[in-house]
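Trainee: Before I use these labels in my own notes, could we go through them one at a time and set each against its criterion?

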Amino acid sequence: MKPTENKQHVQLPNNMWKSGELSPKDLLVYVTIKSFMNKDSKECFPSLDTIVKRSGISKPTVRKAIEVLKKEKYLSVRIQGRSNVYSFNSYKTFEPFSYDFIKDNTLDSNLKAYIIASQQLMFKDEKGFGKMSYSNDELSDLINLDKRTIVKYDKALEEKGYLSMISTNETDDATGVKIN
């Protein structure tokens, strides 16, 4: 497939982070389940073990994420026989995540979850590039992730070529550290 062609993708509603209740792993579970969705019925029924395997997230964490997603009304679940049937609401704006990204084994579940959560806060001014101007403190508050973890994930993504840090001339008032 040529890079300019559309690839099959999963749509994550914009601004899911605004509820303040969802963690990056909740978003990864959402995208993982939704990757099985039938486009006409907007339903799917992957097993819990299948969700765990594809997402790389533990079974207890997946169960917790499903409960939070249900509570926040991003996901409905009904029992049909021995299966959970997941259904999704429609929405107008979204972030696309390719099936290739979801299945990528070079990224662990923590890095995927962080990418998914942080992408919702990026602005796009060049084709194929997202930019963010939040400090780690601000980002930590917005996506429910510890700022030390953000630093660790940024370093790992930079080493893998998924992220470029751009230095600014500004410094943090509290710490005196340069802002990237």
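Mentor: In this predicted model, the crossing of helices α1 and α2 is right-handed. The axes of α1 (residues 24-34) and α2 (residues 48-55) come within 10 Å and cross at roughly 115 degrees.

Trainee: What makes this a contact, and which residues of α1 and α2 make it?

Mentor: The criterion is heavy atoms within 4.5 Å, and the contact is made by L28, T32 and I33 on the α1 side and by I51, R54 and S55 on the α2 side. These residues divide into 3 nonpolar, 2 polar and 1 charged.

Trainee: Why is the pair R78 and E43 called a salt bridge?

Mentor: A side-chain nitrogen of Lys or Arg has to lie within 4 Å of a carboxyl oxygen of Asp or Glu; the closest N and O atoms of R78 and E43 are 3.0 Å apart, so the pair qualifies. R78 belongs to strand β3 (residues 76-80) and E43 to strand β2, 35 residues apart, and the pair thus links distant parts of the chain.

Trainee: Are R78 and E43 to be called buried or exposed, or something in between?

Mentor: Buried requires under 20% relative accessible area and exposed requires over 50%; R78 has 38%, so R78 is partly exposed, and E43, with 25%, is therefore partly exposed as well.

Trainee: What makes D49 and K59 a salt bridge, and which helices hold them?

Mentor: Their side chains meet at 2.7 Å, N to O, which is within the 4 Å limit, so the name applies. D49 lies in helix α2 and K59 in helix α3 (residues 59-71), so the pair ties together parts that are 10 residues apart in sequence.

Definitions and conventions:
Residues numbered from 1 in each chain as written. Predicted model: local features only at pLDDT ≥ 70, side-chain atom pairs only at ≥ 80, totals over all residues. Heavy atoms only, no water. Axes fitted to C-alpha atoms, helices over the stretch in contact; angles between N-to-C directions. Helix = DSSP H or I, 4+ residues; strand = E, 2+ residues; numbered from the N terminus. Left-handed = near helix turned anticlockwise from the far one by under 90°. Nonpolar A, V, L, I, M, F, W, Y, C, P; charged D, E, K, R; others polar. Buried < 20%, exposed > 50% of the residue type's maximum accessible area, 1.4 Å probe, protein only.
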